[in-house]
Amino acid sequence: MTVVYHNGNLCSINMAKNKSKQVSKVSRRVATTDDIEVSTYLEIAKEISGVQPAALKEAVSDAEREAIIVIDFGSQYSMLIARRVRECQVYCELLPHDTPWEKIAPLNPRGFILSGGPASVYDSNVPLAPAYVYGSHLPVLGICYGMQAIAKQLGGKIAPGTKREYGHAVLHLSANDSPLFADLPASTPVWMSHGDKIEKMPPGFTALAHTENSPIAVMGNKEGIFGLQFHPEVAHTPEGKTILKNFVYRVCGCKGNWTIGSFINDGVTRIKQQVGKGKAICALSGGVDSAVVATLIHRAIGDQLTCIFVNHGLLRREEVERTFNVFRLNMGMNIIYVDASGRFLRRLKAVTDPEMKRKIIGEEFIRVFEEEAKKVGKVDFLAQGTLYPDVIESASSGSKASAKIKTHHNVGGLPAKMKLKLLEPVRDLFKDEVRQVGLELGLPEEMVWRQPFPGPGLAIRIIGEVTKEKLEILRSADFVVMNEIKKAKLYRQLWQSFAILTDVRSVGVMGDYRTYGYLVAIRAVTSEDAMTADWSRLPYDVLARISNRIVNEVPEVNRVVYDITSKPPSTIEWE
Ligand code: XMP
C-alpha cells in the first residue's frame with residue numbers, strides 16, 4: 001500500500017501509514033450525541049481492519065447465462081421495463097430497435113420485450129421489430145406500440161383510435177389458464193396510454209383479456225408471443241410486475257440467476273482478463289459511483305490499481321477524511337491524495353460567473369489529474385463510473401438534444417486525451433444496483449447512500465466570488481443541514497438537501513446589537529433522476545431547528561430562507 005502526500009498532511013489527522021491504528025484516537029473532533037455525521041465518521045475511522053463483504057453467490061456459467069432483450073421503440077418507460085425485469089433477477093438489456101443479431105446473440109437471450117413508443121404503426125417508415133425477433137422462435141411480449149408492431153408484422157390490422165385512452169382502466173381476464181396470468185386476480189387495474197387499437201388480431205392469436213374500451217387488451221398465441229395494450233412496467237399497474245415475472249419465468253423459462261453477487265464475481269473475472277498485468281487509474285471523488293468502481297477493480301487487480309483523489313478544496317466538512325479513511329484504512333488501496341485547494345482557489349479568485357467557475361474547475365481538475373497520473377508511470381486503463389442510463393442516453397442518438405443549461409463536471413468523465421483504454425465495470429447497472437454492489441463489497445452505508453454532490457462542489461453553492469472564508473461559512477451551515485436532515489431520518493428520502501451561501505447581506509439583531517450578516521438559503525428536493533425535481537415539504541420543526549442552529553452556530557449568518565421552487569423552472573443547484 002502506498003500513500004503519497006502533497007502539500008503537507010491530510011487535514012488535521014495524522015495519516016502516516018505506521019500510525020493508521022491510532023487514527024480514531026487522534027481525531028481532534030469531539031462527538032456530541034446529536035452529531036450524527038461526526039459519529040458516523042468516527043465509526044468508519046475505527047473500522048481499521050475493514051468490513052468483510054458477505055459471501056457471494058457463485059458466478060453463472062456461460063451455458064446458464066440468460067437475458068431478456070427489450071427492443072426500444074422510444075417509450076418514456078422503456079428503461080423502466082429493463083428495471084422491472086432485473087428486479088426479477090434476470091439480466092435485461094434495453095437495445096435500439098435496429099440492433100444487429102450479432103450484438104444480441106452473445107447475451108444468450110431467452111425472450112424479447114418490444115417497448116412502447118410514440119409512433120403509429122400504420123404510418124410509413126416507423127420502427128418495427130427486426131426479423132430475428134420472430135425468426136429466433138423465442139417468446140415475445142409487445143407492450144402498447146410493441147403489441148401493435150406484432151399485430152402489423154404478423155398479419156393483423158390496426159386502426160387509429162377515435163380517442164386516446166389514457167390513464168386507469170380495469171383489466172378483465174378471459175383466459176385464466178394463460179401462463180402470463182398466473183397468480184393474478186380475475187380483474188385488476190392497469191395503466192393505459194395509447195391512441196391506436198388492434199382491429200383484427202394476426203392469425204393464430206386470441207384475445208386473453210379486455211377493458212371497457214379495449215376488447216383486445218391482451219392477445220397471445222401458442223408460440224409464446226403476447227401483446228399488452230397497457231403498461232405493466234409502471235407503478236399504476238399494481239400487478240404489472242407479476243405479469244412481467246410470469247413472462248420471464250413461465251413463458252421464457254428463465255431461472256433468475258442474475259444477482260448482485262453473481263454480477264460482482266463476473267465483473268471481477270472480466271476485469272482480471274481485461275487488465276491482465278496492466279495498470280489502471282481511477283479518480284476518486286467520495287461519490288458512490290467512483291467508490292464502487294474503485295472497490296470492484298481493486299478486488300480484481302489489487303495494487304495494479306492506483307486511485308487519485310484530488311481535493312479541490314471545495315468539498316464539505318470532513319469529506320476528505322471520511323473518503324480517505326474508507327479507502328485507505330478499510331480497503332487498503334493505493335491512493336494518491338493531492339491537496340490542490342490552494343491552486344483551485346487562486347484560479348477562482350474574483351470569478352463570479354457560474355459557467356466560468358465550472359469551466360475553471362473542470363480544466364484545473366484535468367490538469368492536476370494528468371500531472372498525478374504521469375507520476376504513476378505507464379498506465380493502460382482509466383476506470384470510469386459510467387452507468388447504464390448514461391449508456392442508453394448516448395445510444396439514443398439525437399433524441400435528447402437540448403439547450404445547454406450547465407456545463408457539468410464529473411470526475412468520472414476525465415480525461416479523454418490521455419488515450420487510455422476505458423474500464424467501465426458498472427456500465428450495465430442502474431444507480432440503485434450500483435448501491436447494492438457497494439454494500440455487498442463492504443462499503444459503508446453512509447457512502448453508498450450519499451446524496452449526489454456536484455463535481456464543482458461548494459463553488460457553485462457560493463453565489464459570487466469563492467473565498468476561503470466563505471467556504472468555511474458554507475461548510476458550517478451545510479453541516480447543520482445534513483445533521484438535522486439525518487436526525488429527522490429524511491436523508492434517504494430526499495434527492496438532495498444542502499445550504500447555499502448567497503451574496504446577499506441583511507440587517508439583524510442579536511442581543512442588543514445590530515448585525516449585518518449573510519443570507520443562507522436551504523434547498524431540499526425530491527427527484528427520481530434530477531431531470532425534474534420538486535421542493536420538499538420539510539416539516540416546519542425541522543426547518544426551524546436548521547434555521548436556529550445556523551444563526552447560532554455560524555456567526556457570519558443572521559438570516560435563513562427556504563427555497564420553494566421546483567425544477568423546472570429552477571435547477572437544483574443555484575449555479
Ligand atoms: P441541476 O442544478 O442542473 O443539477 O438541476 C442536476 C443534478 O446534477 C448535479 N450537478 C452536477 N453533478 N457535476 C456533477 O457531477 C456537475 O458539474 C454538476 N452540476 C450539477 C446536481 O447536484 C443535481 O443532482
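Because the model is predicted, local features are given only where pLDDT is at least 70 and side-chain atom pairs count only at pLDDT 80 or more, whereas totals for chains, interfaces and linings use all residues. Residues are numbered from 1 along each chain as its sequence is written, and side-chain values rest on heavy atoms, with hydrogens and water left out.

The secondary structure of the chain comes to 17 helices and 19 strands, where helices (H or I, at least four residues) and strands (E, at least two) are DSSP runs numbered from the N terminus. Of the 575 residues in the chain, 56% are buried; buried means under 20% relative accessible area, exposed means over 50%, and partly exposed lies in between, with a 1.4 Å probe and protein chains only. Among the contacts in the chain with a separation of 6 or more, 76% are between residues 24 or more positions apart, a contact being heavy atoms within 4.5 Å.

Just after H14, the backbone at Gly-442 takes a positive phi of about 95 degrees.

Helix H9 also contains Ile-301, a residue that counts as buried because its relative accessibility is 6%. Leaving aside residues up to four places away in sequence, Ile-301 touches Ile-271, Lys-272, Val-275 and Ala-280. Ala-280 is 21 residues from Ile-301 along the chain, and their C-alpha atoms are separated by 8.9 Å.

Two helix pairs can be followed in detail. Helix H11 (residues 341-348) packs with helix H12 (residues 354-375) at an angle of about 150 degrees, and their axes are 10 Å apart; here axes are lines fitted to C-alpha atoms, for helices over the stretch in contact, and angles run from 0 to 180 degrees between N-to-C directions. H11 passes H12 in a right-handed crossing, a crossing being right-handed if the near helix is turned clockwise from the far one by less than a right angle, and left-handed if anticlockwise. On the H11 side, Arg-343, Phe-344, Arg-347 and Leu-348 take part, and they meet Lys-357, Ile-360, Ile-361, Glu-363, Glu-364, Phe-365, Arg-367, Val-368 and Glu-371 of H12. The residues of this contact divide into six nonpolar, no polar and seven charged, with Ala, Val, Leu, Ile, Met, Phe, Trp, Tyr, Cys and Pro counted as nonpolar, Asp, Glu, Lys and Arg as charged, and the others, Gly among them, as polar.

The second pair is formed by helix H16 (residues 468-487) and helix H17 (residues 540-553), which pack at an angle of about 150 degrees with their axes 9 Å apart. That angle makes H16 roughly antiparallel to H17, since angles over 145 degrees count as roughly antiparallel, under 35 as roughly parallel, 65 to 115 as roughly perpendicular and the rest as oblique. The crossing of H16 and H17 is right-handed. H16 contributes Ala-477, Val-480, Val-481, Asn-483, Glu-484, Ile-485 and Lys-487 to the contact, while H17 contributes Val-542, Arg-545, Ile-546, Arg-549, Ile-550 and Glu-553. These residues divide into seven nonpolar, one polar and five charged.

Ala-499 has Ile-522 in S17 as its bridge partner. The two strands form a hairpin with two residues between them, and Gly-511 in the turn has a positive phi of about 60 degrees.

Some backbone sites remain. Most residues other than glycine have a negative phi, and most peptide bonds are trans. In the segment after strand S19 (557-562) lies Pro-568, and the peptide bond from Lys-567 to Pro-568 is cis, with omega near -15 degrees. A cis peptide bond also joins Pro-568 and Pro-569, with omega about 10 degrees.

Notes:
Pairing = 2+ DSSP bridges.
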